[in-house]
Amino acid sequence: MKPLNRTFSIAPMLDWTDRHYRYFARIMSAQALLYTEMVTTGAIIHGKGDYLAYNEEEHPLALQLGGSNASDLATCAKLAEQRGYDEINLNVGCPSDRVQNGRFGACLMAEPKLVAECVDAMRSVVDIPVTVKTRIGIDELDSYEFLTEFIDTVSAAGCDTFIIHARKAWLQGLSPKENREIPELDYQRVYRLKRDYSALNISINGGVKTLDECAEHLKHLDGVMVGREAYQNPYILAEVDQRLCGSDKPVLSRDAVLEKMLPYIEKHLQAGGRLNHITRHITGLYQGEVGSRAWRRYVSENAHKPGAGIEVIHQARASMEAV
Ligand SMILES: Cc1cc2nc3c(=O)[nH]c(=O)nc-3n(C[C@H](O)[C@H](O)[C@H](O)COP(=O)(O)O)c2cc1C
């Protein structure tokens, strides 16, 4: 099996990195490794919808699982492999209360043996990589030694790839949003981890906004994972392949990206889908350009209306020109 290129990845983001967003991101970068939103084992095993659906174009694609029952995780990992996913990632970083009640996400950092058991159970039933996304610590458990003990235990179960959000999580008192902003970023700690565990593949995550910053991190690490910036200012993705992955393909213009998105949107509409289910992910495309506010405003005021069709996109684009 060809190893996945982990140089640049787009973070799993609940409600944001759905399959429409991922299709859009893939138009701009052929190389970025994409992650699904976190999907819980409960949803996959007991839910009514198809939580594993994706578009073939999205590959390479990792499924992020939320859970802490080893046997349920193994069941879901197997199903995901059968559906063609390229990687299974376990969420050991989400601090929300709902997730803590289910005893998964960031609180699992305090239970490295359980995480190791989960990794082992998944690895024993699939051939695709099983990886872990975690933080540098939780609450008062924020020493370097705490982090290395976690890494030692989980890597001993065969996990050789970690994505580290370079800030700890406060499990009480901070919302998930605050937990992405308030605890300080500590990139040096992640660099040190890579120096001490050179055989492991380590990606850094948290607060990265430009491809220059990515290039700087890549001097120390195997990969960079970008979340909010890749969503809010998605056009940064258009140069990922050329700037970070050695591609010599021409960079697509913003309009070319939009053009390539149109057939996908048409297909979605023909299948009875709503326009705004896709447009909400693409409104940041023209960020920083003259007229981008007019584009954004037109889309958000019109795309949710019943019967809104592809003409809304054309009119929104035209409204930019009028500025
Ligand atoms: C709206 C939103 C939803 C998120 N959902 C998840 C999730 O499902 N799983 C996860 O591991 N992290 C989730 N995160 C955290 C991101 O993956 C990432 O670790 C965090 O945003 C820091 O990276 P950034 O500064 O590049 O955004 C979410 C973040 C946001 C903004």
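**Domains, helix contacts and ligand shell**

Colleague: How many residues of domain 1 are in contact with residues of domain 2?
Modeller: In this predicted model, the contact between the two domains involves 12 residues on the side of domain 2. On the side of domain 1, the number in contact is 11 residues.

Colleague: Which helix gives the most to the side of domain 1 that touches domain 2?
Modeller: The domain assignment places domain 1 at 8–244 and domain 2 at 254–321. On the side of domain 1 that touches domain 2, the leading contribution is 6 residues. These belong to residues 19–28, that is, to helix α1.

Colleague: How many charged residues has the side of domain 1 that touches domain 2?
Modeller: By class, this side of domain 1 has 8 nonpolar and 3 polar residues. The count of charged residues there is none; the side has no charged residues.

Colleague: What distance separates the centres of domain 1 and domain 2?
Modeller: The centres are taken over C-alpha atoms. For domain 1 and domain 2, the separation is 30 Å.

Colleague: Are helices α6 and α7 parallel or oblique to each other?
Modeller: The axes of α6 (residues 144–156) and α7 (residues 187–196) come within 11 Å and cross at roughly 45°. Angles under 35 degrees count as roughly parallel, and 65 to 115 as roughly perpendicular. The two helices α6 and α7 are therefore oblique.

Colleague: Which residues of α7 make the contact with α6?
Modeller: From α6, the contact is made by Tyr 144, Leu 147, Thr 148 and Ile 151. The residues of the contact divide into 4 nonpolar, 1 polar and 3 charged. From α7, the residues are Arg 189, Arg 192, Leu 193 and Asp 196.

Colleague: Is the crossing of α3 and α5 left-handed or right-handed?
Modeller: The axes of α3 (residues 70–82) and α5 (residues 112–123) come within 8 Å, crossing at roughly 35°. In α3, Ala 70, Ser 71, Leu 73, Ala 74 and Ala 77 meet Glu 117, Cys 118, Ala 121 and Met 122 of α5. By class, this contact has 7 nonpolar, 1 polar and 1 charged residues. The way α3 passes α5 is right-handed.

Colleague: Which residues come nearest to the ligand?
Modeller: The shell around the ligand divides into 9 nonpolar, 8 polar and 6 charged residues. Both β2 (33–40) and α9 (228–232) supply at least two residues of this shell. Of the 23 residues around the ligand, the nearest are Ala 11, Met 13, Met 38, Gly 227 and Arg 228.

Conventions: Residues numbered from 1 in each chain as written. Predicted model: local features only at pLDDT ≥ 70, side-chain atom pairs only at ≥ 80, totals over all residues. Axes fitted to C-alpha atoms, helices over the stretch in contact; angles between N-to-C directions. Helix = DSSP H or I, 4+ residues; strand = E, 2+ residues; numbered from the N terminus. Parallel < 35°, antiparallel > 145°, perpendicular 65-115°, else oblique. Contact = placed C-beta atoms within 7 Å. Nonpolar A, V, L, I, M, F, W, Y, C, P; charged D, E, K, R; others polar. Near = placed C-beta within 6 Å. Left-handed = near helix turned anticlockwise from the far one by under 90°. Domains from an automatic or database assignment.
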